[in-house]
Amino acid sequence: MNGKISPFLSRLEATAKDIDDLLDRLLTTTPVPGEQARPARLMEAIRYSSLGGGKRFRPFLVVESAGLFEVPRPQALMAGAALECVHCYSLVHDDLPAMDNDALRRGRPTVHKAFDAATAILVGDSLLTFAFDILSRVEAHPSAAVRIELVTALARAAGLGGMAGGQMLDLAAEGRFDGGRPQRLGEAEIVTLQAMKTGALLSFGCHSGGILAEAAPPQRAALETYGSAVGRAFQIADDLLDVEGDPALIGKQTGKDAEAGKATIVGILGIDGARKRLRALVAEAAAALAPFGERAAILVEAARFVAERDA
């Protein structure tokens, strides 16, 4: 091995840096027109939760899917930054005592531990709404119709029929609302839960490139199929990491799914069956991108990365 970084990892790191730089510029203490002030403690906690951490894989999907159509990179980065704000909000709220009650995120104290629970709630509220502020700006796309389509798609991916609804199904499955008795979900029910809770935002990252490009329906459908496969693969890989992963690499406690009685594909299929399903989903993702040819090689590699990651 010569230690040379792969083209995929190089592009992933470049996008992560660009997203960090953009969020750093957007999340300052200086209010913009229409705002009265940006409270210092709130901004400190927002920046703590959203800057300098994570692979920025969701924005990477936005940038790479948009790149298939030669969408200007600054537009794709704006959409990616909005998506990352929603993702960061979800992590802050998921870590709260009333939800998953985690003390560590990305190897350091979660926001409610570093600050307090009330601040963490307001951080999540702020990041969620700020995402739509970003998408509404002309820098995201010169066409108001495209900006509206992006706002609608992200709202539906993040909301009651997407991530938030999936989180509710997850809490119900672990017995939060039925006297503490976990639900026995079948495979189809788990697939739906995970497609909402985890897959919806990842899928938005993939098909948002088609929205930005005002692409033809067949091209959009290909990206949506790819995004669905990647979303399902991501969650299965996450579930495997909770069983087998190294907490030092992952940056959070493992083994919590079984402890909480969470419904997972690993629980249904076992470790070997889950790995077989992962391989099938990677193949499905690659097949969906076949119409794009070699232009989609990095996105195909991204699907493999999702399945094989160790953190």
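I began with a cut-off: buried means under 20% relative accessible area, exposed over 50%, and partly exposed in between, with a 1.4 Å probe and protein chains only. The model is predicted, so local features need pLDDT of at least 70, side-chain atom pairs count only at pLDDT 80 or more, and totals for chains, interfaces and linings use all residues. Residues are numbered from 1 along each chain as its sequence is written, and side-chain values use heavy atoms, with hydrogens and water left out.

**Entry: cysteines**

I looked up cysteine 85 and found 1% relative accessibility, so cysteine 85 counts as buried. Cysteine 88 is buried too, with a relative accessible area of 1%. Are the two sulfurs bonded or too far apart for a bond? They are too far apart, because the sulfur of cysteine 85 is 6.7 Å from its closest cysteine sulfur, in cysteine 88. A disulfide is a pair of cysteine sulfur atoms within 2.5 Å. By this rule I count 0 disulfides.

**Entry: the core**

Next I turned to the nonpolar core. The term covers a set of buried Ala, Val, Leu, Ile, Met, Phe, Trp, Tyr and Cys residues joined through side-chain atoms within 4.5 Å. The largest one holds 93 residues, and Phe57, Leu154 and Tyr226 touch the most other members. Helix 4 (residues 73-94) gives the most to this core, with 12 residues. I note that helices (H or I, at least four residues) and strands (E, at least two) are DSSP runs, numbered from the N terminus.

What does phenylalanine 57 touch? I leave out residues up to four places away in sequence, and the list is Leu12, Leu202, Val230, Phe234, Ala302, Phe305 and Val306. Contact here means heavy atoms within 4.5 Å.

**Entry: helix 3**

Phe57 is one of the buried residues of helix 3. This helix is mostly covered, with 10 of its 11 residues buried. The buried residues pack against helix 1, helix 4, helix 9 (187-213), helix 10 and helix 14.

I then checked how helix 1 meets helix 3. Their axes are 9 Å apart and the packing angle is about 105 degrees. That makes helix 1 roughly perpendicular to helix 3. Helix 1 brings Phe8, Arg11, Leu12, Thr15 and Ile19 to the contact, and helix 3 brings Phe57, Pro59, Phe60, Val63 and Glu64. Axes are lines fitted to C-alpha atoms, for helices over the stretch in contact, and angles run from 0 to 180 degrees between N-to-C directions. Angles under 35 degrees count as roughly parallel, over 145 as roughly antiparallel, 65 to 115 as roughly perpendicular and the rest as oblique.

**Entry: helix 14**

Helix 14 (residues 297-308) has 12 residues. From first C-alpha to last, helix 14 reaches 17 Å, close to the 16 Å expected at 1.5 Å a residue. The expected span is 1.5 Å times one less than the number of residues. Ala302, Phe305 and Val306 are among its buried residues, and phenylalanine 57 touches these three. The buried residues of helix 14 pack against helix 1 (7-26), helix 3 (57-67), helix 10 (217-244) and helix 13 (265-288).

**Entry: leucine 281**

Leucine 281 lies in helix 13. Is leucine 281 buried or exposed? It is buried, with a relative accessible area of 3%. I find contacts with Ala229, Arg232, Ala233 and Ile236, again not counting residues up to four places away in sequence. Leucine 281 and tyrosine 226 are 55 residues apart in sequence and 9.1 Å apart in space, C-alpha to C-alpha.

**Entry: helix 2**

In helix 2 (residues 40-50), the buried residues are Met43, Ala45, Ile46, Tyr48, Ser49 and Ser50. Arginine 41 is in helix 2 and is partly exposed, at 42% relative accessible area. Arginine 41 touches Phe115, Asp116 and Thr119, not counting residues up to four places away in sequence. Arginine 41 and glutamate 64 are 23 residues apart in sequence, yet 35 Å apart in space, C-alpha to C-alpha.

**Entry: positive phi**

Most residues other than glycine have a negative phi. Glutamate 70 has phi near 60 degrees. Glutamate 70 lies in the loop between helix 3 and helix 4 and counts as exposed at 72% relative accessibility. Asparagine 101 has phi near 55 degrees and is partly exposed, at 46%. Just after helix 2, glycine 52 takes a positive phi of about 70 degrees.
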